[in-house]
Amino acid sequence: MHVLETQAKAPGKVNLYLAVGKPREDGYHPLATLFSSVNIYETVTARDAQEQGITLSLNIVPDSLVDQQHRAGEFDPAEVPLNEKNLAYRAAVAMVQAHRLTVNDLNLHLHIDKAVPVAGGMAGGSADAAAALLAVDQYLYEKRLTERTLGLEELLALAAPLGPMFPS
């Protein structure tokens with residue numbers, strides 16, 4: 001049996017400028033930022049799973065900065081939530097719902113190859129969420145669960161509410 005698998009790369013970034021405004025009524029802060037992507041990538045893979053719903057796993061890319069953090073005792077992969085608290089998971093659910101499907105309509109596994117340093121402001125989790133949107137969109141299309149992939153405006157609309165909320 002052929003196992004379907006789609007991937008998307010997630011680059012890390014560095015902030016060159018970041019200004020955070022006062023919280024809006026929805027609890028989000030407006031941001032003004034200037035950033036640059038860096039040549040450190042994580043990979044998000046969407047593939048067929050044995051069980052119904054969405055499952056998530058991750059591994060540390062050998063010799064990456066995350067691997068260095070892990071070996072130095074500064075990062076424990078067990079602390080990364082592999083459920084609805086994970087931004088990549090939430091992105092996958094949002095994509096499934098955008099195609100008018102439910103999580104129970106599929107057997108999907110997301111896997112993250114982690115290389116972007118953790119808790120360093122390099123957007124590893126946010127980039128993983130963006131990559132998950134792309135990988136799951138392509139996966140659903142190739143599985144013929146949807147007739148098309150989403151356009152840029154639709155992707156941006158799905159991505160906007162996924163960011164972490166910073167309550168005041």
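Ala, Val, Leu, Ile, Met, Phe, Trp, Tyr, Cys and Pro count here as nonpolar, Asp, Glu, Lys and Arg as charged, and the others, Gly among them, as polar. The model is predicted: local features need pLDDT of at least 70, side-chain atom pairs count only at pLDDT 80 or more, and totals for chains, interfaces and linings use all residues. Residues are numbered from 1 along each chain as its sequence is written, and side-chain values use heavy atoms, with hydrogens and water left out.

Start with the second largest pocket. A pocket is an open set of points on a 1 Å grid over the protein atoms alone, where a 1.4 Å probe fits, with protein on both sides within 12 Å along at least five of seven lines; lining residues have an atom within 4 Å of a point. This one holds about 200 Å³ of space. Its lining divides into 11 nonpolar residues, no polar and one charged. β1 (5-20), α3 (124-142) and α4 (152-159) each supply at least two lining residues. α3 gives the most, with five. Helices (H or I, at least four residues) and strands (E, at least two) are DSSP runs, numbered from the N terminus.

Now follow α3. Its 19 residues, at 1.5 Å a residue, should span 27 Å, and the end C-alpha atoms are 26 Å apart, which agrees. The expected span is 1.5 Å times one less than the number of residues. Gly124, Asp128, Val136 and Leu140 are among its buried residues, buried meaning under 20% relative accessible area with a 1.4 Å probe, protein chains only. Their cover includes β1, β2 (31-48), α2 (87-98), β4 (107-114) and α4.

Of its 35 residues, Met95, Leu110, Val136 and Leu140 touch the most other members. β1, β2, β3 (53-60), α2, β4, α3 and α4 each supply at least two residues of this core. Leaving aside neighbours within four places in sequence, Val136 is in contact (heavy atoms within 4.5 Å) with Ala46, Ala92, Met95, Val96, Leu108 and Leu110.

Just after α3, Arg144 takes a positive phi of about 60°. Thr146 lies in the loop between α3 and α4. Thr146 counts as buried, at 14% relative accessibility. Its C-alpha atom is 6.6 Å from that of His99, 47 residues apart along the chain. Beyond four places in sequence, Thr146 touches His99, Leu140 and Tyr141.

Note on methods. Points joined across faces, edges and corners; volume = space filled by probe spheres on them. Buried < 20%, exposed > 50% of the residue type's maximum accessible area, 1.4 Å probe, protein only. Core = buried A, V, L, I, M, F, W, Y, C linked by side-chain atoms within 4.5 Å.
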